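Subject: Structure handover

Hello,

Here is the structure for you to look through. My notes follow below it.

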Amino acid sequence: MTVMNMIEALNSAHDVMMGRDPDIVVMGEDVGYFGGVFRVTAGLQKKYGKTRAFDTPIAEGGIAGTAIGMAAYGLKPVVEMQFADYIYPAFDQIVSEAGRMRYRTAGEWTLPMVFRSPYGGGIFGGQTHSQSPEALFAHVCGIKTVIPSNPYDAKGLLIAAIEDPDPVIFFEPKRIYNGPFDGFHERPVTPWAKHPAAEVPEGYYTVPLGKAAVAREGNDVTILAYGTMVHVALATAEEQGIDAEVIDLRTIVPVDIDTIEASVKKTGRCVIIHEATRTGGFGAELAALVQERCFYHLEAPVQRVTGYDTPYPHSLEWTYFPGPTRLGIALKKALED
Amino acid sequence: MTSSNERRNRPALSLHVPEPDARPGEEVDFSGVAIPAAGSVARPDINVAPADIRDLPYTLIRVLDDDGKAVGPWDPRLDADTLRRMLRDMAMVRVYDERMFRAQRQGKTSFYMKSLGEEAVAVAAAHALDRDDMCFPTYRQQGLLIARDYPLTEMMCQVYSNAGDKLKGRQLPIMYSDREKGFFTISGNLGTQYPQAVGWAMGSAIKGDSRIAAAWIGDGATAEGDFHNAVTFAGVYRAPVVLNVVNNQWAISSFSGIAGGELTTFAARAVGYGIPGLRVDGNDPLAVYAATRWAADRARSNLGPTLIELFTYRVEGHSTSDDPSAYRPQGAGAKWPLGDPLMRLKAHLIGLGEWDEERHQQLLDQLGEEVKAAQKESEKLGTLGGEAAQSVESMFDDVFAELPWHLQEQREQALAEAEAKRK
């Protein structure tokens, strides 16, 4: 075990897998010599050579398209999209091509590949470095979408994603790269070093896709969260002394319905939190699933705590960010109704 | 809208919307098409610097002259057996196309696309490439499969989405896929295959393989960002790939001017990327063969990609859903000055004393019989219409390697719905 922050854990996942599998190639903007703007791919080019970790032109559609071709050849590309906000030029290649290749060829061509991308706000990135587009990928066919919330999961999930036979979108909440930010932005952030999930094995291990984790057990209300919002949920429950059960979804497609259902049936109340915009967000899907399966166990309407349906603003970052105050109001409502 | 009234002394701007030379009811006029004499274009060594052949994208590489003789430095000097095999493959594409077009009109499938007049583009390239080079085609390169001996019955079963369709009825007719024949699955989202071909070629280079990739795109789809992405990446990494632009001058109803063809040639796009660009008479099978071979040899020698414009003409409609008489003069294809690729190769072989009218008729009869027999065979496995050949359950297979819970649940719902419909 070594203490790692999320960046180090993700870097270690790359390193472990590139060492085990010579077919893995890492590509993206600035990922080669420099090691990525967030340093996730640092040292890989030096260790594995220029043809296994290399810089690409600034063309996300070209990165995705060529990576698909490499996967069709038989390589396993692990692609970095520098910011999730930049992924849209690659949308056609990811959605129409990667996501449907197995289906349209009845399994003749398959694409084991990972699209990694730092996502989410809280870093004063303005509207082009803060978005959370996970629902766009959850809505289409043939793509798994994974969002870790801590270093241990980040490494284990990324290794599982690399080994998965299908394309995986892997969104990394960049606000928690260096520490478990809980939304109390006026307080200093504790580094990962003080968190138990920063104890990361140096070698190979996996955290299975499609399995949620119970981040905190509780009896009065279930909070469904992923990424940074897991820490917002934990802190809010702690601050307000609420006996909340916090479910860290970890994978949103396929989502772990059994864990969600068991928790909501136990608590009878459910609050969903995500940073992405509200309308058509993944929270809407979760709310629908919960009411379909747990309607007769529900004591109160399901609440959604989300970003607003506006672009992510720069100066009003903390007004936009769904932090402990917004979650606290929703929890109160869910518990009082 | 802001008015510019206060700037009345400035000239009014006007928008140019390109318009083809002739519309329905008008005479088509190809007299403006510049056609250099066959054999007049120099053939550089494959290791030439792209900067030294910047004239090639603006001319037209031709081998067969008006008398059917092969002339000039681009003559690939093929033996008679290879020439006859190319003739046979092009004729087979034509016979097959005609048969399947008719099958669509008879209601046996939903859709079909012919490649009449463009057969050389795929067939000659297939002969110039190695059999294990990977092709990333558009929907009009069925000639690749035919030249690589893919069974006609397999193609027909795909067109019919029947019980024999190995793609399980998932794809629109003619969107074939065959990994073993080096034929990448066709996408209906035009242009996507172009960067994929480059990526495949990069993969081959990363692994120190010797196979190269070849891709095709239409003149219309060169306007897609995927084209720019593909050629950029191909140039940057010197990917071993042959990038073909099939300029058949029509993208459904839009003439090539709408894709930028009024301003320059499609081959000339190569100049800006610093790679060689060849412009080739796409109706001259020997020229297509020679250019493909030149580009393939470059790719195989780690000299990188080549962009080849194949100048041809889409003689028929875009597909069975299209009627070109609504937007261009009828019979325009028959007047195309670069002729019919099949007839040109036939004339060449006759000129060599290696072919005659009688053998040609025998060939056509024999191909007709082969296609008819294959059709009979494939129709035993069904045609499109009525009940689908595939089970309801199969609809949920292959979305992922394993069926996740939500698709299991939806599969049960679909089965219940199918049961309810039966009652």
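H1(B) passes H10(B) in a right-handed crossing (right-handed if the near helix is turned clockwise from the far one by less than a right angle, left-handed if anticlockwise). This is a predicted model, where local features need pLDDT of at least 70, side-chain atom pairs count only at pLDDT 80 or more, and totals for chains, interfaces and linings use all residues. Residues are numbered from 1 along each chain as its sequence is written, chains are lettered from A and ligands numbered from 1 in the order in which they are written, and side-chain values use heavy atoms, leaving out hydrogens and water.

**Chain B helices**

Start with helix H1 (residues 80-105) of chain B and helix H10 (residues 357-379) of chain B. Helices are DSSP runs of H or I with at least four residues, strands are runs of E with at least two, and both are numbered from the N terminus. The axes of H1(B) and H10(B) come within 9 Å and cross at roughly 45 degrees. Axes are lines fitted to C-alpha atoms, for helices over the stretch in contact, and angles run from 0 to 180 degrees between N-to-C directions. Residues in the contact (heavy atoms within 4.5 Å) include Leu87(B) and Tyr96(B) of H1(B), and Leu363(B) and Val371(B) of H10(B). By class, this contact of H1(B) with H10(B) has 10 nonpolar, three polar and six charged residues. Here Ala, Val, Leu, Ile, Met, Phe, Trp, Tyr, Cys and Pro count as nonpolar, Asp, Glu, Lys and Arg as charged, and the others, Gly among them, as polar.

H10(B) also meets helix H4 (residues 152-160) of chain B. Their axes come within 9 Å and cross at roughly 50 degrees. That makes H4(B) oblique to H10(B). The crossing of H4(B) and H10(B) is right-handed. Among the residues that meet are Met156(B) and Tyr160(B) in H4(B), and Val371(B) and Ala374(B) in H10(B). The contact of H4(B) with H10(B) has six nonpolar, three polar and three charged residues.

**Chain A helices**

Now look at helix H1 (residues 6-20) and helix H7 (residues 151-163) of chain A. Their axes come within 8 Å and cross at roughly 30 degrees. That makes H1(A) roughly parallel to H7(A). The crossing of H1(A) and H7(A) is right-handed. Contact residues include Leu10(A) and Met17(A) of H1(A), and Leu158(A) and Ile162(A) of H7(A). By class, the contact of H1(A) with H7(A) has 11 nonpolar, two polar and three charged residues.

**The chain A sheet**

Five strands of chain A form an open sheet with mixed pairing, in the order E9-E11-E10-E13-E14. Two strands pair if DSSP finds at least two bridges between them. The edge strands are E9 (213-216) and E14 (303-305) of chain A, and each pairs on one side only. The twist averages 25 degrees from one strand to the next. Strands E10 (residues 221-225) and E11 (residues 244-248) of chain A run parallel, joined by five bridges. Ile223(A) stands opposite Val246(A) in E11(A). Helix H12 (residues 324-336) of chain A packs on the sheet, touching E10, E13 (270-273) and E14 of chain A.

**Salt bridges**

How many salt bridges does the structure hold over all chains? There are 47 salt bridges (a side-chain nitrogen of Lys or Arg within 4 Å of a carboxyl oxygen of Asp or Glu). One of them joins Arg250(A) to Asp153(A), with the closest N and O atoms 3.3 Å apart. Arg250(A) lies in the loop between E11 and E12 (251-253) of chain A and Asp153(A) in helix H7 of chain A, so the pair ties together parts that are 97 residues apart in sequence.

Best wishes

Methods:
Angles under 35 degrees count as roughly parallel, over 145 as roughly antiparallel, 65 to 115 as roughly perpendicular and the rest as oblique.
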